[in-house]
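Dear colleague,

I am passing on the structure below, and after it you will find some notes on what turned up in it. Please read them with the structure open beside you.

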Amino acid sequence: MGGSRNKNRGKRKVFVMSSESNFLKRVLTAVIGIAIILFLVIFGGEWGITLLAFVCAVASLFEFFLILFPAREEWLQRGSGILSGAFLLVFIIFRSQYLYEGISLVFLFLFILYLCLSHLYQGNHSKLLSDLSFSILGIFYIGFLFSFWPKVRELSDGVYWIFLVFLIPWLSDTTAYFVGKSFGKNKLSEAISPMKTREGAFAGVGAAVLGVLGYQFLIFKEITVLDSILLGVIGSCLSQAGDLFESFIKRSLAVKDSGVLIPGHGGVLDRFDGVLFCGPFIYFYAHLT
């Protein structure tokens, strides 16, 4: 019995060390990532944030379509999805006045491609339609939403607005994670994301509001206290909705993480899912104020 207890004690020690190591990895990765983003936003100007959006979008497209089409023989479906999403992103950023034409080209390309590939599905029309539908979802979910980063940066006071695109989701997500882990008892959406709690969600909203108020007081004085509260509440709710939406996609495709490109955080899409939903909101809010 004594030997058994010693073995269990050893296992617990290894588990604690592993948890601490993973936590330190998450923190170190977050610090490096934030430093890169700050550098690109402050010193890179519009081209810096455009480069960041393009790199993150392509990485996210790669993760999404690798999950959707993991088999080696599905390289054409996988490659066409990644290229279509990247094309849509670039088209919106640099040729937004021809957005209707760009979207039409993406749709026509995909429809014709899947018609040509229909023989590979051997009469399984439901699988073909499912693959086509998921491909369209990934292209517009990733390619379209990432395009808002450069659009926000182009706005008057865009250098201040673009920080809110990242500040709100990350404050909300980090606070929700720690509060939910420590005090959470009531599940937020157990069917989609079992670990998220209502306590964490409310704490995330509160942290986002306080963060934006501090940002407004210290740096971005052009917005009001009411703006800060609205931005914090709505932005946090949308970023959490973005997190749940990505969790819904992963659950539908039976995967835990979108990828492993960011140590301690999973995939690129895992890290920016909330940011994607917050970007359009900041863009449209800035136009209304």
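**Aromatic rings**

Tyr160 is partly exposed, with a relative accessible area of 29%, whereas Phe220, at 1%, counts as buried (buried means under 20% relative accessible area, exposed over 50%, and partly exposed in between, with a 1.4 Å probe and protein chains only). This is a predicted model, in which local features need pLDDT of at least 70 and side-chain atom pairs count only at pLDDT 80 or more, while totals for chains, interfaces and linings use all residues. Residues are numbered from 1 along each chain as its sequence is written, and side-chain values use heavy atoms, with hydrogens and water left out.

The structure holds 24 aromatic pairs (rings of Phe, Tyr and Trp, the last by its six-membered ring, pair if their centres lie within 6.5 Å; planes under 30 degrees apart count as stacked, over 60 as edge-to-face and the rest as tilted). One of them is the stacked pair of Tyr160 and Phe220, at 5.3 Å centre to centre and with 15 degrees between the planes. Tyr160 lies in helix H7 (residues 158–183) and Phe220 in the loop between helix H8 (198–218) and H9, so the pair ties together parts that are 60 residues apart in sequence (helices, H or I of at least four residues, are DSSP runs numbered from the N terminus). Tyr160 and Phe220 also belong to one aromatic cluster with Trp161, Tyr215, Phe281 and Tyr285.

Lys221 lies over the face of Phe217, at 5.3 Å from the ring centre (for Lys, NZ must be within 6 Å of the ring centre and within 35 degrees of the ring normal).

Methods
Helix = DSSP H or I, 4+ residues; strand = E, 2+ residues; numbered from the N terminus.
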